[in-house]
Amino acid sequence: MSKHHMEKLTCPSCHHDGDFEVWDSINTVLDPEMKEKVLNQSIFLYTCPNCGETFRLNYPILYHQMEDLVMIYLVPESEVEKTYEIFYEKNALADYRTEKYLNRIVTSANQLVEKIQIFDAGKDDRIMELVKLLATDSILKNNPDKEFDELRFAVDDGTNILIIINKGEITGAVDIDNMYEFASSHCTDFKDLRDDEDIVINRE
Ligand SMILES: [Zn+2]
């Protein structure tokens with residue numbers, strides 16, 4: 001089930017006290033409407049009832065897309081190791097392993113959203129990280145002066161793309177279907193996505 005609780009907070013702008021709904025976990029089968037609120041990240045936004053200003057609050061959450069056996073923990077960097085143990089300590093969520101759960105630990109809301117979109121598109125996030133490296137090479141080959149901080153998976157009108165992000169702004173996009181094919185053809189020795197014990201998948 002989904003779990004949430006109220007937390008008191010004081011508006012940093014007008015100092016009015018208000019209540020903020022914090023989601024500890026979300027189960028998309030029991031609360032399907034919450035998936036969209038994760039994807040648009042509105043669960044991390046607080047609007048002050050007094051002055052109307054909106055603030056972003058980051059907090060840990062367990063996202064459970066039960067219909068697809070996908071479980072993603074969003075935690076701060078300092079909690080990654082502890083969270084890994086929660087997934088893999090023998091007494092913890094052992095049952096989820098035998099059911100071939102696809103488990104991931106991420107450290108930002110953007111990563112959480114990206115993982116959901118990658119898995120919803122039927123893609124492998126391990127291959128996607130390789131595609132990002134290929135795409136980086138290809139972007140810099142065509143335009144050596146291009147500056148960007150990050151490439152992030154997205155689906156635009158049914159097309160799989162990587163959006164190019166520089167200083168928080170989207171500055172372009174690249175089609176990735178060919179690169180994804182190419183990368184997959186070189187990853188035939190990868191373990192099944194759901195059998196892989198590596199559950200922190202990022203560029204490193
Ligand atoms: Zn306020």
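I took contact to mean heavy atoms within 4.5 Å. Helices (H or I, at least four residues) and strands (E, at least two) are DSSP runs, numbered from the N terminus.

I noted that this is a predicted model, in which local features need pLDDT of at least 70, side-chain atom pairs count only at pLDDT 80 or more, and totals for chains, interfaces and linings use all residues. Residues are numbered from 1 along each chain as its sequence is written, and side-chain values use heavy atoms, with hydrogens and water left out.

**Entry 1: α5 and α6**

I looked up which residues of α5 meet α6. Ile127, Met128, Val131, Leu134 and Ala135 in α5 meet Met179, Tyr180, Phe182, Ala183 and Ser184 in α6.

The axes of α5 and α6 (residues 177-185) lie 9 Å apart, and the packing angle is about 120 degrees. Axes are lines fitted to C-alpha atoms, for helices over the stretch in contact, and angles run from 0 to 180 degrees between N-to-C directions. The two helices, α5 and α6, are therefore oblique to each other (angles under 35 degrees count as roughly parallel, over 145 as roughly antiparallel, 65 to 115 as roughly perpendicular and the rest as oblique).

**Entry 2: α4 and α5**

I then turned to α4 and α5, whose axes come within 10 Å and cross at roughly 110 degrees. That makes α4 roughly perpendicular to α5. Glu114, Lys115, Ile118 and Phe119 in α4 meet Asp125, Met128 and Lys132 in α5. I read the classes here as 3 nonpolar, no polar and 4 charged.

**Entry 3: pockets**

A pocket is an open set of points on a 1 Å grid over the protein atoms alone, where a 1.4 Å probe fits, with protein on both sides within 12 Å along at least five of seven lines; lining residues have an atom within 4 Å of a point. Grid points are joined across faces, edges and corners, and a volume is the space filled by probe spheres set on the points.

The largest pocket holds about 540 Å³ of space. It has 24 lining residues, and those closest to its centre are Glu129, Lys132, Glu150, Asn202 and Arg203. I saw that β7 (102-106), α4 (109-120), α5 (125-142) and β8 (150-156) each supply at least two residues of this lining. The lining divides into 8 nonpolar, 6 polar and 10 charged residues.

The second largest pocket holds about 240 Å³. Its lining includes Arg126, Glu129, Leu130 and Asn202, and divides into 5 nonpolar, 1 polar and 6 charged residues.

Definitions and conventions: Nonpolar A, V, L, I, M, F, W, Y, C, P; charged D, E, K, R; others polar.
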